[in-house]
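Student: Could we go through this model together, starting with the ligands and then the helices?

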Amino acid sequence: MTSVVEAPPGSRVQLRLLAGTHDGRLDSHLAQHGRLPVLDAAQVIGLARDAGLTGRGGAGFPVWRKLSAVAAAGRPPVVIANGAEGEPASGKDRALLTYAPNLVLDGLQLAALGAQSAVLYVPAAAHRPLQTLIDARRRAGLDRVPVRLVAAPDAFVAGEETAAAAAVAGRGAVPADKLVRITESGPGGSPTLVQNVETLAHLAMIARYGPGWFRAAGTADEPGTFLATISGAVASPGVVEAGYGVALGDLISAAGGATSALSAVLVGGYHGGWVPAAAALPVSRAALTAYGASPGAGVIVALPRHACGLMETARIAGYLADQAAGQCGPCVNGLPRLASTLTDLAHRRARPGLPAEVDRLARLVTGRGACRHPDGTARLILSAMHAFEPDVAAHLAGRCLAAGASR
Ligand SMILES: Cc1cc2nc3c(=O)[nH]c(=O)nc-3n(C[C@H](O)[C@H](O)[C@H](O)COP(=O)(O)O)c2cc1C
Ligand code: SF4
């Protein structure tokens, strides 16, 4: 899903990265935004800090801290723009790389000041137009640090930062133990910076328009806009841009509105959480924490009332268990058991201790993997047990509350 949804007039969504012509061309980009100002690495760190820019790849980590850590390593880093987007319900990175790839490449140059190499890590299907653009930018003298494309495999964990760094070093795209932070020493021993492609595009905008402009969108604590991929029971699934704190209902309206009554909304993707389909709920970390969710990488999936939330979560849990890299105990043993226990509950193969077993397994796998895949999976499942509590009780009694289910 790469279409950008044109929001209705008066809508609360706010286009910045996605404003303009959407043709991805270098001449259109330069006509719209001009060249990047000349900055040094310290200035870039200061701008990211003053803007309050956080990562758009899921974890929401402050960008200036990562830039500072890499600079403090004192050796030329490898800088990776992460466009792997292994999350099946997300399409915003693909949309950004189609409609505004020059902003990503500008941001990569800013993050890569003083770097030995800059890498754009994206699925192979996107390489041809991006290579043409990289060549055009080199001919125009725009990129001081040469940019190399590396193929991201189509796998959920391929976008995890140590998996991305391993792929760039020529190894398999699987996560590694973080005994040493990759910002200090990644594969090959070089300090390594991994930033989501959307994060880098925001950095390119901040360099041009300033931290004050960036902060004019979003909330005081969570400034700026984010790209949301909206799917499920909406009329026009696609990618929308809005400031943090936007009401959930405004995002759903921007995607053409709900096509039927909703029972819940999945926010933050397959590692996110289920929240009530409350139109006024702000999409911000502060407001979503209460539901064990966060905006994550901006995934919004609207669940219609005729679908069963437990069934949908069991489907996702099965997918996530299959996608584990198979290196650590919680993924090898824990996630398949968690998924099959939830599947039993979803299919009303009830045993009285089933919810307690789901809870126990979810807590058991958390914090025990080399990467956060088990944690994210457990978080989603725990949020489902909470959000669909009446459904859990009904399933234990052999019934399903979803309007479309056979009772
Ligand atoms: C299982 C897993 C999959 C991930 N997949 C992606 C991805 O596809 N793209 C991405 O940018 N970040 C992904 N991340 C987050 C990265 O590890 C990393 O935090 C991010 O790329 C850093 O960029 P940011 O700080 O700009 O968000 C994933 C994390 C986990 C645990
Ligand atoms: S926790 Fe799971 S996904 Fe992460 S490295 Fe270990 S086996 Fe792979």
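This is a predicted model: local features need pLDDT of at least 70, side-chain atom pairs count only at pLDDT 80 or more; totals for chains, interfaces and linings use all residues.

Student: Which residues come nearest to ligand 1?

Tutor: Gly55, Gly57, Gly159, Asn196 and Thr199 come nearest, out of 24 residues around ligand 1. A residue counts as near if its C-beta atom, placed from the backbone, lies within 6 Å of the molecule.

Student: Which element gives the largest share of that shell?

Tutor: β4 does, with three residues. Both β4 (192-196) and α15 (373-387) supply at least two residues each. Helices (H or I, at least four residues) and strands (E, at least two) are DSSP runs, numbered from the N terminus.

Student: Why does ligand 1 lie between two domains?

Tutor: Domain 1 (26-215) and domain 3 (309-396) both give residues to the shell around ligand 1, so ligand 1 lies between them. The domain bounds come from an automatic or database domain assignment.

Student: And how do the residues of that shell divide by class?

Tutor: The shell around ligand 1 has seven nonpolar, 11 polar and six charged residues. Here Ala, Val, Leu, Ile, Met, Phe, Trp, Tyr, Cys and Pro count as nonpolar, Asp, Glu, Lys and Arg as charged, and the others, Gly among them, as polar.

Student: What about the classes around ligand 2?

Tutor: That shell has 10 nonpolar, four polar and no charged residues. Of the 14 residues around ligand 2, the nearest are Ala325, Cys328, Cys331, Gly369 and Cys371. α13 (329-346) and α15 each supply at least two residues of this shell.

Student: Changing topic: at what angle do α12 and α15 pack?

Tutor: Helix α12 (residues 309-323) packs against α15 at about 170°, with the axes 10 Å apart. Axes are lines fitted to C-alpha atoms, for helices over the stretch in contact, and angles run from 0 to 180 degrees between N-to-C directions. α12 and α15 are therefore roughly antiparallel, a term for angles over 145 degrees, whereas those under 35 count as roughly parallel, 65 to 115 as roughly perpendicular and the rest as oblique.

Student: And how do α13 and α15 cross?

Tutor: Their axes come within 11 Å and cross at roughly 15°, which makes α13 roughly parallel to α15.

Terms used
Residues are numbered from 1 along each chain as its sequence is written. Chains are lettered from A and ligands numbered from 1 in the order in which they are written.
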